[in-house]
Amino acid sequence: MIKAHNSRGIKPLPRQHPPAIGIVPSSVVRRPSSAFTLLELLAVIGVIAVLTGIVIGVGRYALENGRTSRARAELAILAAALDSYRAARGDYPRTNVPAHLLQSLIGKRDPAYGALTAPPLIELTKFSTAGGLDPFTNETAELVDPWGRPYRYAYKSQAPWINSAYVLY
């Protein structure tokens, strides 16, 4: 017994015992929930969807910018090679066939598409060919842009352009 002191004397206080384990009614005890509510799951799925959309959009933008930059660089290299070809052989390749252009730039054809043996004017490791064909063994190989389309070339006399030399795109 626990005794308390007051002005009238000492009175015994009733002893309180702790409740027995497992006998507490369930209405008194609240267990923490270990599951998510439907609203929480939908919110998380929505956030993931938005972030995924942002990442995919940024990735596509970066990929397209990379392809565009590569195509510009390849066109600049091809234009320089064509100028070197003209300086060495007196004229640009007289063709509008992409495979003939490539054969001319690797030193196998002269401006009139006659046989020739000369050093290549382009480094083929920096370019892709349609179907991965080797232009040294296959004369139908064409240079392709980063999107997989062949580069187009038109000699001045075969195109309706006002350009004095060639058109390359």
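Mentor: Helices here are DSSP runs of H or I with at least four residues, strands are runs of E with at least two, and both are numbered from the N terminus. The model is predicted, so local features need pLDDT of at least 70 and side-chain atom pairs pLDDT 80 or more, while totals for chains, interfaces and linings use all residues. Residues are numbered from 1 along each chain as its sequence is written, and side-chain values use heavy atoms, leaving out hydrogens and water.

Helix α1 covers residues 38–89, which is 52 residues. From first C-alpha to last, α1 reaches 75 Å, close to the expected 76 Å; that expectation is 1.5 Å times one less than the number of residues. After α1 comes G90, with a positive phi near 90 degrees.

Buried means under 20% relative accessible area, exposed over 50%, and partly exposed in between (1.4 Å probe, protein chains only). The buried residues of α1 are A71, E74, L78, A81, L82 and Y85. An α-helix has 3.6 residues a turn, so residues three or four places apart point the same way. The cover over the buried residues of α1 includes α2 (98–105), β4 (143–144), β5 (153–155) and β6 (166–168), where contact means heavy atoms within 4.5 Å.

F36 counts as exposed because its relative accessibility is 62%.
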